[in-house]
Amino acid sequence: MTSMVTSKLWRSARLVGVGIAATVVFAALLVLALTAIVPVRRPPLSTFSFMIGFVAGELAGQGLALTVVLAAVLDDLGWPSGAVGTVALVAALSAAAAFGALLGCALGSRATVARALTRARGIEVARVSSPPGWLRWWRTWLAVPWPGAGVHVHRDLVYLDDGDPAHRLDVLVPRAGATGAPVMVFVHGGAWTIGSKEQQCRPMLFELAARGWVVVSCNYRLSPTATWPDHIVDVKRVLAWTRSNVAAYGGDAARFLGISGNSAGGHLAALAALTPGEVAWQPGFEDADTAVDACVSIYGVLDMTGDPDIAGPQGRALQSLLGHSVIKQRLDDAHDTYEASSPLHRLSEGAPPFLVVHGTKDTLVSVGVARAFVAAFERVATAPICYVELPWAQHGFDTLCSPRCSATVVGIARFLDALVGARTPRQVP
């Protein structure tokens, strides 16, 4: 009799313990999901919101599946009764609902991108594109990108022979090779201080290469060792190298040469696109052709002044970073330098076509910056432009091969296909 009572008490205690542990896990999952839905935009908490919300938002399907599986396991073990069971149930249902909402929004990105493409100014983007090259449904659900059989990578090529590993680049080509292919240069992000050519936006790079593009992904000198304008000088060097050398890898820069980047890389890509032949940023290669035919900016820092009217609370953090580590002068002491380095302030009538992609939940670079840039572009420039604003997308959404990232990559490929198809190759001086 005593042993039976003891056994029941032990089983009851064990269920309560399991229930408490499960409740903690469900609560943690709920916090992750809610951080993606309602992020904190004010620094320094905005950085934590990014790190947590980005993972939860882009892996919402996996988060939902994990919540359901844990609930099923707990139910199989015997759902605890009383207050513990009630709290566990509420936490589980709330986490599932939050992840479900995030997943639904991510799956809706395909329609969001399609609508944006139909509204693109100055160019008609075909509704039907070529079949995907690298993207597959199973890649989207596994999320983690790797090249696969369709892409070959030529690694660590030297674009400036000075022994600095920052002056290296990779060239991604179709496994079967390429001839006369359009070319895309990609510039990684990382607040001008971290990051490398192997880390970011891989789904887009792999997809373009698998579709027949030649893709150049570059390193550049990073702060605080580097001081502005070292970063843009290196990107200009990459463009010059690409025009001179990409034919050896099957690319044809005269047919089409685009540039893309994310975050700080989006800033450098946009600035390079808007300042071809800027002599001050081409020391020793002043005569090199650094013009491009289009730019794809993915949550790029398109204004360096940190204007609070468009950058919100993130603007002050940007000014601090630039003043201490990148430009190494305060905005008040070098306002002309800040403006000259801002794509928003370098727009002109002759700007090349742009595709701007940004998320509404971005806590590192405010969506207001993208909106201001696009509005100014439409007033000043005559080239085609398309703006894709992704609901609930956080900074870094292009890193994992998530449903949102996959939809965006397809949209980028469609926009670029339209530009390539509409363009007559120019004669390179």
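Predicted model: local features only at pLDDT ≥ 70, side-chain atom pairs only at ≥ 80, totals over all residues.
Local features need pLDDT of at least 70 and side-chain atom pairs count only at pLDDT 80 or more, while totals for chains, interfaces and linings use all residues. Residues are numbered from 1 along each chain as its sequence is written, and side-chain values use heavy atoms, with hydrogens and water left out.

**Exercise 1. Work out how strand S5 is paired and which residues are buried.**

Step 1: Place the strand. S5 covers residues 257–262; strands are DSSP runs (E, at least two residues), helices are runs of H or I with at least four, and both are numbered from the N terminus.

Step 2: Check burial. Six of the six residues of S5 are buried, meaning under 20% relative accessible area with a 1.4 Å probe and protein chains only.

Step 3: Sort the directions. Side chains in a regular strand alternate between the two faces of the sheet. In S5, Leu257, Ile259 and Gly261 point one way, and Gly258, Ser260 and Asn262 the other.

Step 4: Find the partners (strands pair if DSSP finds at least two bridges between them). S3 (residues 183–187) runs parallel to S5, with five bridges, and Phe186 is bridged to Ser260. On S6 (residues 294–298), also parallel to S5 with five bridges, Cys295 is the bridge partner of Ile259.

**Exercise 2. Follow Ile259 into the largest nonpolar core.**

Step 1: A nonpolar core is a set of buried Ala, Val, Leu, Ile, Met, Phe, Trp, Tyr and Cys residues joined through side-chain atoms within 4.5 Å.

Step 2: Look at the core. The largest has 68 residues, and Ile259 is listed with Leu169, Trp192, Phe354, Phe373 and Phe377 as having the most contacts inside it. Apart from it lies another core of 44 residues, including Val151 and Leu205.

Step 3: List contacts (heavy atoms within 4.5 Å). Beyond four places in sequence, Ile259 touches, among others, Val187, Val235, Leu239 and Val292.

**Exercise 3. Describe the surroundings of Pro174.**

Step 1: Locate the residue. Pro174 sits in strand S2 (residues 168–174).

Step 2: Pro174 has a relative accessible area of 8%, so it counts as buried.

Step 3: Collect the neighbours. Not counting residues up to four places away in sequence, Pro174 touches Gly150, His152, Ala209, Gly212 and Trp213.

Step 4: Phe206 is 32 residues from Pro174 along the chain, and their C-alpha atoms are 8.9 Å apart.

Notes. Buried < 20%, exposed > 50% of the residue type's maximum accessible area, 1.4 Å probe, protein only.
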